[in-house]
Amino acid sequence: MDRYDQTKLLLSGIVIGAGAVLAVQTISSVRRQDSTKKTQILKEDIRNGLEDCIGNTPLIRIKHLSEATGCEILGKAEFLEPGGSVKDRVALKLIKTAEEANLLTPHSGDKVYEGTVGSTGVSLAFICRARGYLAHICMPNDQSTEKSSLLLKLGAMVTLVPPAPIVDKGQFVNRARALAAAQTASETEPGRGFFADQFENPANWKAHYEGTGPEIYQQCGGRVDAFVAGAGTGGTLSGVGKYLKERLESVRVVLADPQGSGLYNRIKYGVMFDIKEREGTRRRPQVDTIVEGIGINRVTANFEAGRPYVDDAIRVTDDEALAMARLLVEKEGLFVGSSSAVNCVAAVRTAMKLGPGHRVVTILCDSGTRHLSKFWKKAGEVAGDEEMTLDGVLGCGEVGKGVSLEGEKSGYGV
Ligand SMILES: Cc1ncc(COP(=O)(O)O)c(C=O)c1O
């Protein structure tokens, strides 16, 4: 073998060796990938029915409001609940508590009765279907039709009654209570009637004390400067307010109250209103506002449960709520209902009072789709010629229509 042959042989050996090394490396890398795949543990995430999807909603930074105030304004996206509102949590807790107390048995003909302006009814209706009950909802006939239509499609019975004060037997809550008692007493109708009683039943505020409150606290990493919410039954404000106050000494809990509601005066001055409006004797019907779901003119157990934790109240006019709803769409693409708009106005005012650098949390209770026929019909053209601004939102409308508002705006810098 001459020198040329030797070199050729050497080079071939090197090429074959390198190829072999490469092949071994490739095979072992594929094997490694295979074994990683085999050992990777994939955790299943399957919900047991629709009611198992309730809670753990996102907390959203509302960018425009945050930038405009220099604070962080965060909205708990309850409009993403499976039943479309913050009331899903309450409806589930009311039913579970009743089951634990043996007041309800699935598939026995037991029926859940409730008096509601709609959202709690929708939540109860779908949870009842999911758990083997019938739902019978009594509601005032002046609410947006989306809710009653939806209730019927969910297979609930719906009784619409004229708006009336609580002293009237025909008032929607009294009607639901009476119908439940009548079913329980009936010898011909199967099953029992259970009156869910969201206004007085402590399971309501406990749903927020055990769910909404802890979620907000965790999502904020324990840093919350203020919590702002409206009150219908008062369950959200009481449950979240109590939870946060027990953990954060300096957190401020603020009621957002629509015009025509007596709760503002209850917080500010300790009374619902003056002698003409005294509790239990008021003859005028419902709260005088276009806003649905929050604002009330009587004291409820769920509001009183959290009243010691409430530091302040802010009145919001209908016009401010309508303008805020439009602003949220135009600047954020956020299409919310009337109570969420009230909450956002009050959150902004709270932020302005606290000053830049603070974190204010509020609730985005439900979607605007539930309010198309009433609230949103009045909201005017979105993204039309007139651009909404935060300055334009604050202070617009007839402040104090129908109620006294002494000192309402002092200290809020608007
Ligand atoms: C749309 C909407 N937002 C807010 C609320 C107020 O919640 P709470 O009853 O916890 O005060 C309700 C209550 O029914 C509601 O329907």
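Modeller: The discussion below takes up the ligand shell, the nonpolar cores and one lysine.
Modeller: This is a predicted model, in which local features need pLDDT of at least 70, side-chain atom pairs count only at pLDDT 80 or more, and totals for chains, interfaces and linings use all residues. Residues are numbered from 1 along each chain as its sequence is written.

Biologist: Why is the ligand said to lie between domain 1 and domain 2?
Modeller: Domain 1 (51-81 + 208-394) and domain 2 (105-191) both give residues to the shell, so the ligand lies between them; the bounds come from an automatic or database domain assignment.

Biologist: Which residues of the shell are closest to the ligand?
Modeller: Ser119, Gly232, Thr236, Gly293 and Cys365 are the closest of the 19 residues that surround the ligand, where near means a C-beta atom, placed from the backbone, within 6 Å.

Biologist: What makes a set of residues a nonpolar core?
Modeller: Its members are buried Ala, Val, Leu, Ile, Met, Phe, Trp, Tyr and Cys residues joined through C-beta atoms within 7 Å; buried means 20 or more other C-beta atoms within 10 Å, exposed 12 or fewer, and partly exposed in between, with C-beta atoms placed from the backbone. The largest such core has 67 residues, and a second, separate core of 35 residues includes Val122 and Leu150.

Biologist: Why is Lys353 called partly exposed?
Modeller: Lys353 has 18 C-beta neighbours inside 10 Å, and therefore counts as partly exposed.
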